[in-house]
Amino acid sequence: MSTSPVTVTGAGPAGLSLAALLSEHSEVSLIADNLQPNDDKTWCFWDLHVAPTADLIHHQWNQLRIISKNGENILSKPGESSYYCIRSDIYQQYMLEKLRNSSSVSLLEAKITSFSAGTDGVEIETDKGLFRTGLLFQSHSQPDDRITYADERVSLKQHFLGWDIRCKEMVFNKDEAILMDFRTNQDFGFAFVYVLPFSETEALVEVTYFTESLLETRALYELQIQEYLEKNWGLKDASYTVERQEFGVIPMADGFVSATNKHPLYSIGLAGGHAKASTGYAFARIHRDSARIASAISKGERPDRAPLSAARFRFYDLLMLNIIRQRPEHAVTIFVDLFKKNGFKTMFDFLDEKTNLAEEVRIMASVPSYTAFFKSIAQTRKRLGAILNAK
């Protein structure tokens with residue numbers, strides 16, 4: 001039986017970032033079923049400091065836009081905020097090379113079949129044998145859907161299909177990202193299209209839904225992108241080619257939902273509930289938590305933690321999730337009004353949970369349809385206590 005003081009599982013942002021930081025202070029093993037870079041995700045964020053290195057940035061946008069369902073444009077002010085993206089294959093290639101070059105790291109490509117924790121460590125069973133570790137940080141095993149989407153929770157799925165398209169003519173502004181364009185079919189629930197141009201002829205165009213269920217077929221997602229491009233950009237099928245696709249589902253659940261989080265076994269990444277409940281953003285939150293864990297381990301401390309978000313932010317997420325679920329048409333208006341009335345910098349700080357209570361009161365009061373929040377409070381009062389007391 002092989003042994004290691006600390007083991008991390010999974011080769012996504014959570015596993016790779018934590019293993020790299022831990023290796024600076026101690027020996028660490030990384031186990032994943034695939035240790036080859038995979039170009040199937042685009043990770044975006046607005047805080048440049050969370051990136052392991054700025055060299056990984058695939059593209060940066062200094063002008064940001066949100067478009068209402070009626071075509072109203074909300075633009076960021078010059079120099080107000082920037083938006084960044086990293087391709088998953090480039091990130092994984094860089095991080096894996098860093099780990100392979102470290103004398104403190106042991107890498108194993110293996111399928112994990114089970115793990116069990118005791119008071120003195122964790123046993124990990126794989127198709128390559130049995131391993132024992134003093135601490136395990138796992139990102140490969142997600143919480144049971146019966147917990148994440150339990151009837152008593154207010155929970156949704158963020159699901160999306162993205163196309164990298166190449167146009168025959170110059171169409172896009174490569175310096176401007178459209179974070180939400182609501183000029184798309186809302187019949188399936190809360191939906192928007194995300195447009196990230198990489199040049200005048202290339203862009204990632206992604207249709208995104210916040211709903212309880214996925215669309216019935218992949219073809220329905222594709223149809224929404226096709227109709228959006230033709231209606232709003234004048235792009236018919238013959239005027240562009242699809243170079244790459246990505247599809248994903250991110251849980252959006254009230255409170256803290258983790259696969260497990262009890263010493264000596266901890267869940268990280270999406271398995272640890274790191275997606276922001278009301279938006280699905282996770283990349284920055286994952287990297288901040290990796291830094292927190294590594295700091296604790298380097299000091300000889302347990303990496304136990306308080307809830308990922310302060311109580312009042314869990315409360316805001318609960319309200320917004322309920323509005324999206326119950327009145328998606330109101331949620332569309334609220335998202336537009338929040339950015340229109342408060343600006344991108346303030347809203348990014350709010351979504352990063354860096355605002356204070358006075359600022360948050362002003363943000364909530366800026367929404368003309370603020371009565372939706374009061375109705376949401378009444379509708380979710382049974383969940384409120386559980387959310388505020390979540391550990």
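Predicted model: local features only at pLDDT ≥ 70, side-chain atom pairs only at ≥ 80, totals over all residues.
How many aromatic pairs does the count come to? The count comes to 29 aromatic pairs.

## Aromatic pairs

One of the pairs joins Phe 182 and Phe 192. The ring centres of Phe 182 and Phe 192 are 6.0 Å apart and the planes stand at 65°, so this pair is edge-to-face; the angle for that class has to be over 60 degrees. Phe 182 sits in the loop between strand S13 (176–181) and strand S14 (190–197), while Phe 192 belongs to strand S14. The two are 10 residues apart, and their pairing links distant parts of the chain. Phe 182 and Phe 192 are both buried.

A second pair lies within a helix. The rings of Phe 313 and Tyr 316 have centres 5.5 Å apart and planes at 90°, so Phe 313 and Tyr 316 are edge-to-face as well. Both residues are part of helix H6 (residues 311–326), where a spacing of 3 residues comes to about one turn of the helix. Phe 313 and Tyr 316 are both buried.

## A cluster and a charge over a ring

Five aromatic residues form one cluster: Trp 43, Phe 45, Tyr 84, Tyr 91 and Phe 283. Elsewhere, the ring of Phe 247 has a charged neighbour: Arg 218 lies over its face, at 4.4 Å from the ring centre.

Strands of a sheet pair through backbone hydrogen bonds, in either a parallel or an antiparallel sense. Here an open sheet of 7 strands runs in the order S6-S5-S13-S14-S15-S12-S16, and its pairing is mixed. Strand S6 (73–75) and strand S16 (240–253) form the edges, each pairing on one side only. From one strand to the next, the twist averages 15°.

Within this sheet, S13 and S14 are antiparallel partners, joined over 2 bridges. Ile 178 stands opposite Val 195, which is in S14.

## Helices on the sheet

Which strands does helix H4 touch? Helix H4 (residues 218–233) packs on the sheet and touches strand S12 (155–167) together with S13, S14, S15 and S16. The direction of helix H4 makes about 55° with that of S12.

Helix H7 (residues 328–342) also packs on the sheet, with contacts to strand S5 (63–67), S6, S13 and S14. The direction of helix H7 makes about 40° with that of S14.

## Ser 199

Ser 199 is located in the loop between S14 and strand S15 (202–211). Is Ser 199 buried or exposed? Its relative accessibility is 13%, so Ser 199 counts as buried; the limit for buried is under 20%.

The side chain of Ser 199 has two polar partners to report. It reaches the backbone nitrogen of Thr 201 at 3.2 Å, and it makes a polar contact with the side chain of Glu 202 at 3.0 Å. Leaving aside residues up to four places away in sequence, Ser 199 touches Phe 172 and Lys 174.

## Ile 323

Helix H6, which holds Phe 313 and Tyr 316, also contains Ile 323. Ile 323 has a relative accessibility of 4% and therefore counts as buried. In sequence, Ile 323 and Ser 213 are 110 residues apart; in space, the distance from C-alpha to C-alpha is 16 Å.

Technical notes. Residues numbered from 1 in each chain as written. Heavy atoms only, no water. Phe/Tyr/Trp six-rings, centres within 6.5 Å; stacked < 30°, edge-to-face > 60°. Helix = DSSP H or I, 4+ residues; strand = E, 2+ residues; numbered from the N terminus. Buried < 20%, exposed > 50% of the residue type's maximum accessible area, 1.4 Å probe, protein only. Lys NZ or Arg CZ within 6 Å of the ring centre and 35° of its normal. Polar contact = N/O pair within 3.5 Å; in protein donor to acceptor, adjacent residues only side chain to side chain. Contact = heavy atoms within 4.5 Å. Pairing = 2+ DSSP bridges. Axes fitted to C-alpha atoms, helices over the stretch in contact; angles between N-to-C directions.
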